[in-house]
Amino acid sequence: MNMPVKSVTTHESPQDVKPGAVEPVEIDIRNVSLSFGATEVLKGIDLKIEPGEFFAFLGPSGSGKSTLLRAIAGFGPTPKGQILLGGQDVVGMAPWKRNVGMVFQSYALWPHMSVARNVAFGLDERRVPKAETERRVKAALEMVGMSQYAERYPSQLSGGQQQRVALARTIVVEPRVLLLDEPLSNLDANLRVQMRQDLLKLQRRLGITTIFVTHDQEEANTICDRIAVMADGVVQQVGRPDDVYDTPANAFVASFLGTANVLEGSVRKEAGGSVFVLHSGIALPCAENASPGAGKLVLRPQSISFGGSSENGLKGTVMSAEFLGGMIRYAIDVAGQTLLVDEVHTRGHGRRKAGEQVSLKVRHQEGVLIGG
Amino acid sequence: MSDIKRKPLRMLGLGVAFAALMTASPLHAADDKLVVVTSFPSDLTDVFKTAFMKENPSIAVEVVNKSTSSGVKYLIETAQNNQSDIFWASAPDAFEVLKGEGLLGSYSKEVEGIPADLNGYPINDPDGQYLGFALSGYGFMWNTRYMEAYNLPAPKEWDDLEDAVYHGHVGISSPSRSGTTHLTVETILQGEGWDEGWETLKAISGNAKTITERSFGVPDGVNSGSFGVGIVIDFFGFSSKASGFPVEFHYPSVTALVPANIGVVANAPNEGPAQKFIDFLLSEKGQALLFDPKIMRLPVNKSAYADAPEGLPNPFDGSIQTKVQFDSDMSEQRYNVVNALFDVIITYRLDDLRNATAAVHAAETALAGSGSGNAEAAKLIEEARALINALPVNAEEALDPDFNAIFTVRRKDADTKVEGRQAEVEQQWDAMVVENYRKATELAEQAKSLL
Amino acid sequence: MTTAALRRPALNMSVGPYLAAGLVVLFLGAFLVVPVLKVIQVAFQDPATGGFTLVNFQDFFASTLFRQSFYNSVYVAGMSVVIASAIALPLAYFTTRFNFSGSVIIQTLAFVPLIMPPFIGAVAMQLLFGANGSVNLILRDYFGITIPFMKGLNGVIFVQSLHYFPFILINLSASLRNIDRSMEEAAQMLGSSGVRMFRRIVFPLAMPGYIAGASLVFVKVFDDLGTPLLLNVNTMLAPQAYLRISSVGISDPMGYVISCILIVFSIFAMWVSFLGMRGKDYSTTQKGGGGLSRRDLTRREAVLCYIVVLMILALVLAPHLGLLLLSFGTVWSFGVLPDGFTVEHYETALTSAWGFIQNTLLYAGLAGLIDIIIGTAIAYLVLRTNIIGRKWLDYMAVSALAVPGVVLGIGYLRVFYGVEMPVTGQPLATWWGIIVIALAVRRLPYALRSCTAALQQISPALEEAAENLGASKLRTVRRVVVPLMVSGLVAGFVTSFATAAVELSATIMLVASEKDAPLAYGLYLFMQSAAGRGPGAALGIMAVIIVGLATYLSHRLVENARHNQATTANQGGGH
């Protein structure tokens, strides 16, 4: 490895980063708005990310999640509002002064530098002495399992290897926070599963506050402590993945996180508690304490099962079936309303045929009412 | 190996730095310097520069070569902070322009063997601002191979070139581009009179293959065989022949010997060396250098002719007929009008003029061939000729200072009235000649169809 | 972790680009805008009173001659684009489509026509293609016919197409090489192939490169002075301007009016091509590049290709061939070939050439360096910042393309002759550095194009990654942007350098002493006399060889750099 010797001068370098563990910092986003010309891309975002947390921005493309991430890193137009990293407002600060680590979707490895020089870049900029740079580059490459590729050029690496180098390049400078912009989207499915576990391990090891931007709920659910679901420049819901899944705040969150039957109707008090009455007149069980009035009921496909008593049972016709591996997902027509129903697939059992008459049972308490 | 991408740029930088070092090599050790602005080719200037610096090792001569017109322009543009010492060029008109701008200093010198005038034309500026150093006559040169291939006779007089056989074989420059061509044009105008002169010029130009942009374009075209005959200053012919080209030169009887000149620039930073250079140029030794085969000019110093190479005529023994006594006052007075007029009615409309001329030639040939003759056709041809020859400006107008002032921004004096703008006047001329050439072509074709 | 050093960053972020823009504006202002305005202000002056007027423009449009000149200029420029395209298209197609060993020859030799020193090129062309040139002498002897290659406007179109077609070839080949292979494969999958696919898919994708080259050719031909003058064609705008500006004693404002019109029309033409290209620059949406899939040629096809390529090359290199003959010929007059051969001319030329060569390398080299520095700055400001008026920097630099060299030369004399150099007290206009600057300004548009193209191909994510890791804008440019642009920069340098090395029109006004004169000026000196033709041609050959070598070496440097790190696909940005 051949690294230029940098004189240690009074250059206004970013943080004078010391080797060793990083003290995790909190990220506090306060009322952040941002426009591209006339288009409002972020509309008053408020978010607090705890120190050391592995946090995800989850949303479809165009939801503003990448824009928000880039705003934290200092790219794009300057937003309104405040972004506090460990209590320091970084809005308006140059990207190179923030000491925020970002891994780009495209990895953005410089094709004219070897792997080692790519990784050493940030340390050069920080005027880290040569010997230490060498040691830290080595350590970072080891951490991502890329030591043997140090002298290669990016074009000679596979996508997964490039990803690891990009990660090493970012963590070697020990940034205050780690931002990952769809880091797995360019990898194939198997590698993705492996890589996300590696990411999680690495994050836990470094204890660094991390934000992970993705449109893939599975990725977010599997590795993140908490997620923020975003759409149309607004944070729709924040919480632990399972909480958000189980109690979605609105129809968007419900359908974006997994599959959901979102049914319109109204809550009616009855003797046995509350029921949710669809427009078609069919009544479904819902939470006891639900207040009466028009609303939406979210029912996961796995909350409905086949067979059931005549009492609260629903009669329907099978329209189609999708084989999902562990499950078969049926679309059932119930008095003009299509319901998705999952049934566990077991070996040897055939599928229900289209046109077959079935009766369905909704498990009590599993429907979630959301605002109308 | 980690830095490969940056290397090419670094190499480029190094290369340039290296070149810079080489150029910064030590300069001449001379105490004095002399800056000569000239239109002469290095073939001429190098000979004098070398010889002069041999006699005056302390003076470093720097030659700045510009065409006559850009040389004059250069001196005018740089007058506010002049760095040039000598202006050295053929055309007396250019010196007259500089004199008019007050850009020439006074320096005159009497040298034995150099007469005050040649056939009445003063060799030195009577006001003592510039001096003649060599004589130039005007005539034509032709390419012998070309003439043979196309079966053309060698021309003897200007009128010969009006002949139909020369159609498309003649080359000439424009007086506005070439000081020497201006002198040629003036010589013809003064020798034959304004109207007849223009008739000759148009008839010759009607046979032209091209109007070249530089004076040297003409000998160059003859040398390479682009066209057969060129109207040139004598030394172009002599030096081309001396360089081995299959060309000949001939003086017609209507010609003038006009001095090529040298003068000290006003406020010259190195006046002393400048005067020394002129002294050297006019000395017998300097004058003999003009016989160099690459130069071949006629010295103004009579005594120099003792060593003249064979084939170079001696103007002082009458071997060149000069019917014209060149009137440089008149030339200077109508300088701009002649240039503008030539360009508008000949240079820029050469195709039209050529077509009209060709049509008239064709009609005349047909008329001659018809034997019996045809009065109507002859009349039409005559009309066509008259149309081609019609001039938008007459002799008096051309000399009118008010009219000339249209062509200059700086008026000679406050009383001069300027009416109209050059572009406006030229558009009128243009409209007239284009229409005339068109009509002449038509009439000539009509005449031919009658035969 | 300290935060003390991190105060007031917003200021830091915005000042840099403005400072850079300010410097560029200062440079272009002082060395392009002011001198040009100083010259063309005459166009707005009443010739009699000196007051402001538009009457000169009225005169221009009232004049039949000028209208015809304008028409001729547009016609010649348009036809030259057509002919140049006809030459460049097959060459570009062969080099990018097939595994064709001739590609190397094409890439090496196709640049050479741009390096045609002034004057002698036309002399050589006359000797070969003129009415009594070699070709016509042969035709007349054997077939009794002649072809007027060099007559009037046709001659101008002929010479200009041969001279400027490399602009189209270079730009078109570059875009063809950048086409994503999957684009072509998608078309093939859908049943398109051959010429049809080339027309419907490949050519539209390569369009931006073609338009860039074609518009350059159009503007260059439109503004070019040398060729029409040397062919003695006067009825075009540029020669009209030149003839009127440089005639002795005549102070006709029309020359300056025409200069104005040349500049305005050229900018207009560039703008039209820009409009045509808007929304058609697909380079960013194509991921991989890699160019078209190449296929091997059968033996017969290869022979055929070679024949076509060699015929085209023979045509485009004819001026150089003529020059070579001229430089070795004794007397060449009205003959198919010179009478005899000699090396004497080279001896003569070498006695005076060394100083000229040194000066040329220095001037053109410095001019090339200045160009890529300013070119990179402008490209970066335009593509990567959002400072106000950044597009105008681009327009300003490109407008240099439309300024006739002689106008710039006169402008420099007017503006800088009164300015004295600090130590020597010599007028600034007579310092050799001013020639360098004039060359740099004249060639800046070429370099700017290369720089812009190179920067466009770098994903902004690569820069953001550097900033993210603590590199400031300036350091990012130095460590990431410039190294990645290097092949584009070298290409820009080479174009500037090679064309500046043979430029004469601006320098002839500015050369104040022979000691400081570049090669083109030396050529000019030789070409003023009958005996100087051979040595002039020899000097011209030397110029072509030197510039060609410099070009070749630069290319080799870039190629080596590329080989050493394997081809890198640019990772496209995801934003």
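Predicted model: local features only at pLDDT ≥ 70, side-chain atom pairs only at ≥ 80, totals over all residues.
Residues are numbered from 1 along each chain as its sequence is written, while chains are lettered from A and ligands numbered from 1 in the order in which they are written.

So, chain A. It has eight helices and 20 strands; those are DSSP runs, H or I over at least four residues for helices, E over at least two for strands, numbered from the N terminus. Its C-alpha atoms fill a box of roughly 85 × 50 × 35 Å along the principal axes. Of its 372 residues, 42% are buried, and buried here means 20 or more other C-beta atoms within 10 Å of the residue's own, with C-beta atoms placed from the backbone.

Now over to chain B, and strand β3, residues 86-89. Which of its residues are buried? Ile86(B) and Trp88(B) are on one side, Phe87(B) and Ala89(B) on the other, and all four are buried. In a regular strand, side chains alternate between the two faces of the sheet.

And the neighbours? Pairing takes at least two DSSP bridges. β1(B), residues 32-38, runs parallel to β3(B) over three bridges, with Val37(B) partnering Phe87(B). β12(B), residues 258-264, pairs antiparallel with β3(B) over four bridges, and there Trp88(B) stands opposite Ile262(B).

Notes
Buried ≥ 20, exposed ≤ 12 C-beta atoms within 10 Å, placed from the backbone.
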